[in-house]
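Colleague: Can you take me through the charged pairs in this one? Plain words, please.

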Amino acid sequence: MEKLSFTMKPSTPATGTRARAIVGVVASGNLEVLLERNLPANICIIDIATAARGFAAVWEAVIEDFVTRRPAGGLHISINDGGARPDMVSLRLAQGVRLIEELEA
Amino acid sequence: MRNWSTQKEALALRRYAGQRYACGKSVALDDLPQFLEAVLRPGDRVCLEGDNQKQADILAKALANLDPGKIHDLHMVQSGVVLPEHLDVFEKGVAKRLDFSYSGPQSTRIARMLSGGKIELGAVHTYLELFARYFIDLTPQVALIAAVSADRDGNLYTGPNTEDTPTVVEATSFKSGMVVAQVAEIVDKVPRVDIPGDLVHFVVDAKKPFYVEPLFTRDPGAITETQILTAMLAIKGLYAPYGVRRLNHGIGFNTAAIELLLPTYGEKLGLKGKICTHFALNPHPTLIPAIEAGWVEQIHSFGSEVGMDDYLSARSDIFFTGPDGSLRSNRAYCQVAGLYACDMFIGSTLQIDLQGHSSTVTTNRIAGFGGAPNMGSDSRGRRHPSEPWLKAGADADPNAAAGLRRGRKLVVQIGETFGEKNVPLFVEQLDALELADKLDLDLAPVMIYGDDVSHIITEDGIANLLLCRDNDEREQAIRGVAGYTDVGRARDRKMVERLRARGVIRRPEDLGIDPLDADRRMLAARSIKDLMLASGGLYQPPSQFRNW
């Protein structure tokens, strides 16, 4: 298990008012993403616990693109990763941001 | 004076020797080992029929059990090295030299045996290329083939899986070689004559059907959202603008996703009748929903697919069927169809380098090519125009005079930037080169050469290599869709943005596609059971794909 943490300055704050959202599952090749709206609007912290070691540079690149492309300001994001590929990580992060924008069902 | 009939005389001697173990043309299963020892000679060139689908498995087993003291140094010329027995013959010393096309399930062992010197490799071919050599310099002296049934005269019914048989028999029998067939039963009258009896010398009643691998069955339940995204990119960013109606799909989940998106996403885009109407294709179960929704006009097949036979018989307007009602497949004809009459090949691969060369060979695995290098190559012999072919030709050479400009086949590699176990699809150098070095091969086993590839599709976007004007542009276009792989992260960002502005690279957002819309609910069938239901119960999935 490897633990990584990134503190980013996203260009756009997350929209909506929902306090938290969760997407995905912890399984081989998949990941669980918990998003909590509890930070200043210009900060995004991403904590990662991953089963696959040695991919820090890839995580960094994925996360940089994420905070550039998606409104992620104010979010504390915790990731439980089961060795998902980067495309899956990007998708789950985007799904999480979309979900936290929505009204509670 | 020279004797001009030595081959016919040798055949007569083989037939005479074999006749001792036969009643008419029929050889009993128990007598098969002695029979084979009687008709084979050391050093013979032998085609043991087997490709990526059907296998002459009983004959393979018997051949592998021969005494290498009597029969040795055989030169095997066969499409597929698929069964363990196909390599056992080399392990035991019955065979020495090998020319083949495909080795899917044996890819690891064949790599080990090649480097261990157990096999003397001729070459790894594409199917059509090996068939061609059957008629020029690799003509079999003995062909061991597989059929469904035979009559007393040796007329053979090959059923829906005719595949390579007519080609193998044509090359062997008309050049004075011996043809031995294994069949599941001997009948008074075969349902249809696929191989005329006078070309077949002996028939072995194996008392059970030959083995067939369900190679083209993809479970929709295993299709990922990323694969759906690549399929959306393909349909909207390639099939639609080029108007691709005549094509071949390779095996793989990305193309299965395309097939399952036609009746949903394709319908929404108004593309029915405008794309995907004619195929050179094995009967993919995942195409059933599109066929049922009226998308497809005609399909010619290399082989059949396990469980699809009743469905194919019931859809004779779409598939080629015989007077008996069952599918007639033919690998050689279908490969020719794919080469000359299709405007697009789209398939997956394991490695793509910076020039766009692609290979399914890695240092420990030699999977062979099957049909991909043929389907996935631009035929320079083609002369008939079509909209996609002309448009691709204009992409590649906009300044040439239209009347003298060759068209181009669309040769598309599709996949996710990372494969199984996070192994990157994009590499600086193909493993095939290292392997060629290790085995001292003249040629690296490249599946599709970069100059034949027109487009690469990943979740990162579409790279149109036809629009690249030099090697630098080509390399950056490839890096530009290589995602977070090392190759992708080493891209020249400014140049990639310039390529994007020119439409050489098109991102999902450039095509109006939101990756978040890539949802499994878009698939026209989400399980094998859905496919069965879509077929009205005509598709009977093999047991390993049933979980209900």
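Modeller: What follows is a short talk about salt bridges in this predicted model.

Colleague: How many salt bridges are there over all chains?

Modeller: The count comes to 35.

Colleague: Which residue forms a salt bridge with Arg92(A)?

Modeller: Glu225(B) does, with the closest N and O atoms 3.3 Å apart. The pair crosses between chains: Arg92(A) sits in helix H2 (residues 86–101) of chain A, and Glu225(B) in helix H8 (residues 225–242) of chain B.

Colleague: Are those two buried or exposed?

Modeller: Arg92(A) has a relative accessible area of 7%, so it is buried. Glu225(B) is buried as well, at 17%, because the cut-off for buried is under 20%.

Colleague: New topic. What does Arg133(B) pair with?

Modeller: Arg133(B) forms a salt bridge with Asp99(B), and their closest N and O atoms are 4.0 Å apart. Arg133(B) is in helix H6 (residues 127–134) and Asp99(B) in strand S6 (residues 95–102), both of chain B, so the pair ties together parts 34 residues apart in sequence.

Colleague: And how accessible is each of them?

Modeller: Arg133(B) counts as partly exposed at 25% relative accessibility, whereas Asp99(B) counts as buried at 2%.

Colleague: What about Arg500(B) and Glu497(B), where are they?

Modeller: They are three residues apart in helix H18 (residues 493–501) of chain B, so about one helical turn separates them.

Colleague: Last one: which residues are linked in a network?

Modeller: Salt bridges link Asp51(B), Glu163(B), Asp164(B) and Arg331(B) in a network.

How values were computed
Residues are numbered from 1 along each chain as its sequence is written. Chains are lettered from A and ligands numbered from 1 in the order in which they are written. This is a predicted model: local features need pLDDT of at least 70, side-chain atom pairs count only at pLDDT 80 or more; totals for chains, interfaces and linings use all residues. Side-chain values use heavy atoms; hydrogens and water are left out. A salt bridge is a side-chain nitrogen of Lys or Arg within 4 Å of a carboxyl oxygen of Asp or Glu. Helices (H or I, at least four residues) and strands (E, at least two) are DSSP runs, numbered from the N terminus. Buried means under 20% relative accessible area, exposed over 50%, partly exposed in between (1.4 Å probe, protein chains only).
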